Amino acid sequence: MSSTALRLAVIIASTRAGRRGPMVTSWFAGQAGEYGGFDIDVIDLAEHPLPLDLTDDLDEGPAAVLAEVSGRLDKADAFVIVTPEYNHSFTAPLKNVIDWHKGEWKAKPIGFVAYGGTSGGLRAVEQLRLVFAELHAVTVRTSVAFPQVWEQFDSQGQPVDPAMFADHAKNMLSQLTWWGEALREARTTKPYFG
């Protein structure tokens, strides 16, 4: 592992009232902290609402929010998207933040922590893989999925079967580390052309 920590941006994709994203993210951030080697930056899209129209001139407020989010995404060496599955897909606020940015994702690895009903959010993940491929990002194979999420966590916000989910998180973090270090070095020595 490199002596320089990878900057990992963890994005909470849901903005709905009663969402489970912060709980799932808190657990995952703990896993990443235990794994080590990451400087973790949690970006909650509910706290950073971006305007929807990409063509409007931005007022001072939305422009400042956009500049803050853009800067944080740009500094990241790797990403983890914590997403629910809504109607067999991912959230509109997540698509909005993706569409506002292009170069920030390029030649960087992305992992997924998904949650939902029977599929555990994996249908959202599969669609996100296509979106991020268009942006020249590298999605890692292993993801963490919480099917029937309301049954998977106890009252303290911890998984009821911690070993299984921790193992998936560790595998994903290992892949993010390998790709994150390799792509950071590659971006430094020879900027990506795409």
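In the predicted model, Asp44 and Arg19 are joined by a salt bridge whose closest N and O atoms lie 2.8 Å apart. The two residues belong to distant parts of the chain, separated by 25 residues: Asp44 is in strand E2 (residues 38–44), whereas Arg19 is in the loop between strand E1 (6–12) and helix H1 (21–35). Asp44 has a relative accessible area of 7% and is buried. Arg19, at 24% relative accessibility, is partly exposed.

Strand E2 also contains Asp41, the side chain of which forms a salt bridge with that of Arg72, with an N to O distance of 2.5 Å. Because Arg72 lies in helix H2 (residues 60–75) and Asp41 in strand E2, this pair ties together parts that are 31 residues apart in sequence. Asp41 is partly exposed, with a relative accessibility of 24%.

A further salt bridge is formed between Asp77 and Arg187, where the closest N and O atoms are 3.3 Å apart. Asp77 is located in the loop between H2 and strand E3 (78–84) and Arg187 in helix H6 (residues 162–189), so the bridge ties together parts that are 110 residues apart in sequence. Asp77 is buried, its relative accessibility being 1%, and salt bridges with shared partners join Asp77, Arg7, Arg184 and Arg187 into one network.

In total, the count comes to nine salt bridges. Among them are Asp44 with Arg19, Asp41 with Arg72 and Asp77 with Arg187.

Conventions
Residues are numbered from 1 along each chain as its sequence is written. This is a predicted model: local features need pLDDT of at least 70, side-chain atom pairs count only at pLDDT 80 or more; totals for chains, interfaces and linings use all residues. Side-chain values use heavy atoms; hydrogens and water are left out. A salt bridge is a side-chain nitrogen of Lys or Arg within 4 Å of a carboxyl oxygen of Asp or Glu. Helices (H or I, at least four residues) and strands (E, at least two) are DSSP runs, numbered from the N terminus. Buried means under 20% relative accessible area, exposed over 50%, partly exposed in between (1.4 Å probe, protein chains only).
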